[in-house]
Amino acid sequence: MHTPYHAPFWIGLLVGIASGSIGPFILLRRMALVGDALSHVALPGIALALMYHVDPFYGVVVFLIAAALVIFWLEGRSRIPTDAIVGLLFTASLAIGILLIPNEDVIESLFGAFPVLSLQFLLMILLAAAVLSTLCYLMTRQFLFRIISTDLAKVNGFGRRYDLALLLIFSMIVALGIKLVGTLLMGALTIIPASIAKNISRSMRAYVLLSSVLGGVISTAGVWIGETFRLLPGATIVLLGIALFLLSLPVARKYAR
Amino acid sequence: MTDEPILEVEHLSVTLDDVHVLRDVSFHLNRGGAVAVIGPNGAGKTMLFRALLGLVPYTGKVVWQPGIKIGYVPQGFNVDRSAPITAMEFFLLLSPAFWRPPGSFANHLDQELRLVGLDRRILKKNLGELSGGETQRLLIAWALFGYSDVLLLDEPTAGVDIGFEHTLYELLHSIQTDRGTSLLVISHDLNVVYRRAQHVVCLNQTIVCQGPPVETLNAAALTSLYGETGYYLHDHEPEQEKKCTHPITRLSGSAC
């Protein structure tokens, strides 16, 4: 299978690194499931974009940013059960998306494909992934502060705007990977490298670095295996990641204190 | 201590879910001063701190002197035990250079750790693995590390051993004298309040009494605050408490 400019490899590498960079914060905030559900919201975005003959990517970006804002708003309301509402809202968007997307595009939207992109579009995705990864590193201190104690963070001047920043960066990274990995599996790509790295890291700095590296390695290796054996890239990447996670478990047990 | 107020609180009220947690609380803290907040469980002491720090919505006035640095020592925190966060990284939150801290950072850190009786080896430990007492000492060192103008300590001796309890109050006293740090302390230890605080605020949803401890902490005030059985008033000074200048001690006893 030939794709111009080796686009899947480059996307796999840079979006994989970006997913690995944000993953530790999503896991430690205990938002893994919210993150997974969030990627489903992309589906109606894809449907609308296809209806209006716009590149689905733009529909995805708009819907994911909106979803990030909804989660942020819900988190600020203590009386609303966030998890139940996120579950309902995002499953509803999955259902709406499935009904609206033409049959021939459903599988690609759900599980991704080897994307055929213009050079300009590819460079835009790669640049965005690099910028988002860098932001994760620059904001590690603020994100970690809010993970350890939101009270201490706020007293030191790091308020809820950093929660919003985390959600927005996360939703943008999910948007970048959706063409390759698909709406159903992209959430998993942000969680898997972080879950493996958590098993074998002893400090936060090592954790974020290792998770980024693993994100890049798993994604490019998944793309290579997928191309070689003519398998869907998204599913291959996710299964490879989960296999590595299982291998990391004995190490986690060794580290268990 | 000066008469210059670093914090002024007027008619502070907090209502959460239609329940009045605090009503009409007014007091002030002078620069370099020490104010103790006492009261039974559920009196709203921690909520008072949260309101002062802007962590919960309130009505009334809370005026901090502009530009002052506030250090807060909460009653411990819950960090996921499996989270790979070292105690060192907890301190690095205070450094803008989180990824590559300068060498001076470690030296300064050593000094503050020694003050609270911790060894630097603790820095490599996982934050979620520390015992309650270690966490409490670490939180105090963390608050000291920032060279705050004022420290808000929420029951700083909860979970620590008697020996450290005594050391801690000596330490707080020396910080107050040497660094001019103002202290606002929630404490159950009436002896410490009596000896160390310049001002005591007795809280039970609203202010029951306040003033200098010598004048304020009498049997009538304590009975109205804690009820008949909540505290213990000695008729005479026991042998081991001769150093104490006042015959009040907590029921559970304390290092006087």
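User: In the hairpin of strand 8 and strand 9 of chain B, which residue takes a positive phi?
Analyst: Gln205(B) does, with a phi near 70°, in a hairpin that has one residue between strand 8 and strand 9 of chain B. This is a predicted model, in which local features need pLDDT of at least 70 and side-chain atom pairs count only at pLDDT 80 or more, while totals for chains, interfaces and linings use all residues. Residues are numbered from 1 along each chain as its sequence is written, and chains are lettered from A and ligands numbered from 1 in the order in which they are written.

User: How many bridges join strand 8 to strand 9 of chain B, and do they run parallel or antiparallel?
Analyst: Five bridges join them, and strand 8 and strand 9 of chain B run antiparallel; strands pair if DSSP finds at least two bridges between them. One residue standing opposite another there is Asn204(B), which faces Thr206(B) in strand 9 of chain B. Strands (E, at least two residues) and helices (H or I, at least four) are DSSP runs, numbered from the N terminus.

User: What's the strand order in the six-strand open sheet of chain B?
Analyst: The order in chain B is 5-6-7-3-8-9, with mixed pairing. Strand 5 (70-73) and strand 9 (206-211) of chain B stand at the edges with a single partner strand each, so one side of each has no neighbour in the sheet. Neighbouring strands of this sheet are turned by 15° against each other on average, direction ignored.

User: And strand 6 with strand 7 of chain B, parallel or antiparallel?
Analyst: Strand 6 (residues 150-154) and strand 7 (residues 182-186) of chain B run parallel and are joined by five bridges. Within that pairing, Leu183(B) in strand 7 of chain B is the bridge partner of Leu151(B).

User: Which helix lies across strand 8 and strand 9 of chain B?
Analyst: Helix 8 (residues 219-226) of chain B lies across strand 8 (199-204) and strand 9 of chain B, and it runs at about 155° to strand 9 of chain B. Axes here are lines fitted to C-alpha atoms, for helices over the stretch in contact, with angles from 0 to 180 degrees between N-to-C directions.

User: What about the three-strand sheet of chain B, what order is it in?
Analyst: That open sheet of chain B has the order 2-1-4 with antiparallel pairing. Its edge strands are strand 2 (19-30) and strand 4 of chain B, each of which pairs on one side only, and the twist averages 15° from one strand to the next. Five bridges join strand 1 (residues 5-16) of chain B to the antiparallel strand 4 of chain B, and Glu8(B) has Val63(B) in strand 4 of chain B as its bridge partner. Helix 1 (residues 45-52) of chain B packs on this sheet and touches strand 1, strand 2 and strand 4 of chain B, with its direction at about 65° to that of strand 2 of chain B.

User: Switching to chain A: at what angle do helix 10 and helix 11 of chain A pack?
Analyst: Helix 10 (residues 161-181) and helix 11 (residues 183-200) of chain A pack at about 125°, with their axes 8 Å apart. Residues making the contact (C-beta atoms, placed from the backbone, within 7 Å) include Phe170(A) and Ile173(A) of helix 10 of chain A and Leu185(A) and Met186(A) of helix 11 of chain A. By class, this contact has eight nonpolar, four polar and no charged residues. Ala, Val, Leu, Ile, Met, Phe, Trp, Tyr, Cys and Pro count as nonpolar, Asp, Glu, Lys and Arg as charged, and the others, Gly among them, as polar.

User: And helix 11 with helix 12 of chain A, what angle?
Analyst: Helix 11 and helix 12 of chain A pack at about 135°, with axes 8 Å apart. Among the residues in that contact are Ile192(A) and Lys198(A) of helix 11 of chain A and Tyr207(A) and Leu214(A) of helix 12 of chain A. The classes come to 10 nonpolar, two polar and one charged.

User: How many residues does the contact take from chain A and chain B?
Analyst: The contact takes 19 residues from chain A and 20 residues from chain B. On the chain A side, helix 8 (140-148), helix 9 (150-155) and helix 12 (204-229) of chain A each supply at least two residues, and helix 8 of chain A gives the largest share, five residues. The residues of chain A that touch chain B divide into eight nonpolar, four polar and seven charged.

User: Where does pLDDT stay under 50 in chain B?
Analyst: It stays under 50 over residues 234-256 of chain B, for which the model has 36 contacts beyond four places in sequence; pLDDT is the predictor's confidence in each residue, from 0 to 100. Chain B averages a pLDDT of 83, with 88% of the residues scoring at least 70. The model scores ipTM 0.89 and pTM 0.88.

Notes
Contact = placed C-beta atoms within 7 Å.
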